[in-house]
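Have the sequence and the 3D view ready.

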Amino acid sequence: MPPRRRGASGFRGVRVRPSGRFTAEIRAGGFRLTLGTYNTPELAARAYDAAAWRFRRPGRDMNFPDVESLEEAEFLAPPPCLVDDEDRRRHRQVQRRIAIAERDEQLMRQWRAQFPNDVDNTDAFFADLRAHRRSNRRHRRAVAVFELDNPNTTWADNDPRWDDIWTETTSDDE
């Protein structure tokens with residue numbers, strides 16, 4: 001029987017994924033075991049060799065015949081990527097959130113195109129809100145400075161209104 005062909009990656013048990021990454025897999029007992037996905041074909045081939053050593057495959061089935069023991073193969077192999085149900089659940093949740101955010105952005109683009117006056121009104125509303133907050137900060141600071149200069153102040157030493165003395169009044173970020 002002729003030897004098995006090596007795939008496009010150039011290594012036995014390594015396939016190229018559509019994403020450009022490389023997956024390592026080995027057949028054992030009628031099953032195909034996926035060993036993981038790796039960034040380079042060499043890492044995937046090292047993972048394949050470690051699994052081949054565990055299954056006591058002959059040296060001709062190895063990608064790197066210079067490795068002489070299971071311990072050496074496991075030392076050279078990348079650490080296994082352990083994926084559990086919690087990782088899968090988190091990944092699905094993140095993917096759902098990304099899909100929702102993308103849909104929201106698409107709908108906002110459509111809304112802006114259909115209702116440009118609403119966009120202008122929204123911008124004006126937030127500009128007014130910033131001006132109101134800035135005015136409120138200036139007033140609170142002026143009151144606090146007045147109370148500081150007033151010898152007959154009714155404010156206690158631990159009154160939180162004293163903090164308004166250090167309030168920044170030139171900032172537009174609130």
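Start at Asp159, whose side chain makes a polar contact with the side chain of Arg161 at 2.7 Å. A polar contact here is a pair of N or O atoms within 3.5 Å; within protein, one must be able to donate a hydrogen and the other to accept it, and residues adjacent in sequence count only if both atoms are side-chain atoms. This is a predicted model, in which local features need pLDDT of at least 70 and side-chain atom pairs count only at pLDDT 80 or more, while totals for chains, interfaces and linings use all residues. Residues are numbered from 1 along each chain as its sequence is written, and side-chain values use heavy atoms, leaving out hydrogens and water.

Asp159 lies in the segment after helix 4 (116-149); helices are DSSP runs of H or I with at least four residues, numbered from the N terminus. How accessible is Asp159, buried or exposed? With 15% relative accessibility, Asp159 is buried, while Arg161, at 40%, is partly exposed. Buried means under 20% relative accessible area, exposed over 50%, and partly exposed in between (1.4 Å probe, protein chains only).

Asp159 and Arg161 also form a salt bridge, meaning that a side-chain nitrogen of Lys or Arg is within 4 Å of a carboxyl oxygen of Asp or Glu. The structure has eight salt bridges. Another one joins Arg140 and Asp164 (3.4 Å, N to O). This pair links distant parts of the chain, with Arg140 in helix 4 and Asp164 in the segment after helix 4, 24 residues apart.

Definitions and conventions. Helices (H or I, at least four residues) and strands (E, at least two) are DSSP runs, numbered from the N terminus.
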